[in-house]
Amino acid sequence: MPEKLISPRIGIFLAILFAVIVLVPLGNLMVAPGSAGHVPSHIVALLGKYLCYALLAVALDLVWGYCGILSLGHGAFFALGGYAMGMHLMREIGDRGVYANPVLPDFMVFLGYDKLPWFWHGFDMFWFACLMVLLVPGLLAFIFGWFAFRSRVTGVYLSIITQALTYALLLAFFRNEMGFGGNNGLTDFRDVLGFSLSADTTRAALFVLSGLALGFGVLLGRRITTSKYGKILIAIRDAESRTRFMGYRVEHYKLFIFTVSAMLAGIAGALYVPQVGIINPGEFSPAKSIAIVIWVALGGRGTLVGAAMGALIVAAAESWLTAAFPEAWLFALGAMFIVVTIFLPQGVLGLIEGTFRKRAAAPIAAAPDAKEAEA
């Protein structure tokens, strides 16, 4: 019998997410500053960034938690989606830049470009940029996965190759001649679709879109993992050789979920960039991709909701600890990962659900004792 699309776990998460994406914008736009319940604009942007991280964690959980593909390069797909959106935002500036060039972004004028590179054409159109947000990460994942999975590269070898991929992109995007802003990346964005990115209403809209994208990612992941296709993914994760022996084309299943996961990561990157106001090669850093793995492991691998929770917990902890104890943040993150790996193999979500199950079972176990006492 097929599982329900909206499980209790998913239902609770979506209900909380819906409440957040309604109450936070209302607290920002409808409640006067200084009043109780007012949400500052910088908090809206910060929470929107957290939601993008949560969607990125869900994307990784699809391939690692359900198919056993430990990707240490998902930050590359996130960054590519961000660059695609950043290129559109740069084209939106037009002649309002420092050099007042209606076609070339400021960094190209500064570097002496005489014409727009061919791969920048089309990014003045929003629909084209949105298409590239999906197509570029998806195409890279498809090409990479086609060769890797057909060659039956698995385990730590695949993880190392994915990390090498993102590091190669990091080095490439650092070069000025690549045409992506070099070390400084893309920044100084002004507006999107004619709406100022500094306006509170625009920030609130981007926050809501990030929340809706996260909800969509969780539902899509749930739909995939509870289908027959999802059961085969789990079989590949648990016993790939046996699944292959049963006649399934394992590489096809891996390729599909890897590509879908990359596209979700690209969407997260595209929503992230207008909220933080910059995209640079640092997003390709292997350390960023390793951090995503920590998010998923902390929240609960193979749960979707747990992965999102892990991203939110670590992102919030980072914001607080980097301000309060900047030198100790990385040690705290490492300690957190070690503690969860040793003592909480099912992550924070597993701990929470286990606690509720024990509390629910306690009255049932105590009922016979009460009846015996009355007798």
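The questions below concern a predicted model.

Q: How many aromatic pairs does a search of the whole structure find?
A: The search finds 21 aromatic pairs.

Q: Why is the pair of Tyr53 and Phe78 called tilted?
A: The ring centres are 6.4 Å apart, and pairing requires them to lie within 6.5 Å. The planes stand at 45 degrees. Stacked needs under 30 degrees and edge-to-face needs over 60, so this pair is tilted.

Q: What makes this pair a tie between parts of the chain?
A: Tyr53 sits in helix α2 (residues 41-64), and Phe78 in helix α3 (residues 74-93). The pair therefore ties together parts that are 25 residues apart in sequence.

Q: How do you know whether Tyr53 and Phe78 are buried or exposed?
A: Buried means under 20% relative accessible area. Tyr53 has 11%, so Tyr53 is buried. Phe78 has 3%, so Phe78 is buried too.

Q: What makes the pair of Trp127 and Phe128 edge-to-face?
A: The angle between the planes is 90 degrees, and edge-to-face takes over 60. The centres are 5.9 Å apart, which is within 6.5 Å.

Q: Where does Phe284 belong?
A: Phe284 forms one aromatic cluster with Tyr83, Trp118, Phe119, Phe173 and Phe180. Leaving aside neighbours within four places in sequence, Phe284 is in contact with residues including Tyr83 and Phe173.

Terms used: Residues are numbered from 1 along each chain as its sequence is written. This is a predicted model: local features need pLDDT of at least 70, side-chain atom pairs count only at pLDDT 80 or more; totals for chains, interfaces and linings use all residues. Side-chain values use heavy atoms; hydrogens and water are left out. Rings of Phe, Tyr and Trp (its six-membered ring) pair if their centres lie within 6.5 Å; planes under 30 degrees apart count as stacked, over 60 as edge-to-face and the rest as tilted. Helices (H or I, at least four residues) and strands (E, at least two) are DSSP runs, numbered from the N terminus. Buried means under 20% relative accessible area, exposed over 50%, partly exposed in between (1.4 Å probe, protein chains only). Contact means heavy atoms within 4.5 Å.
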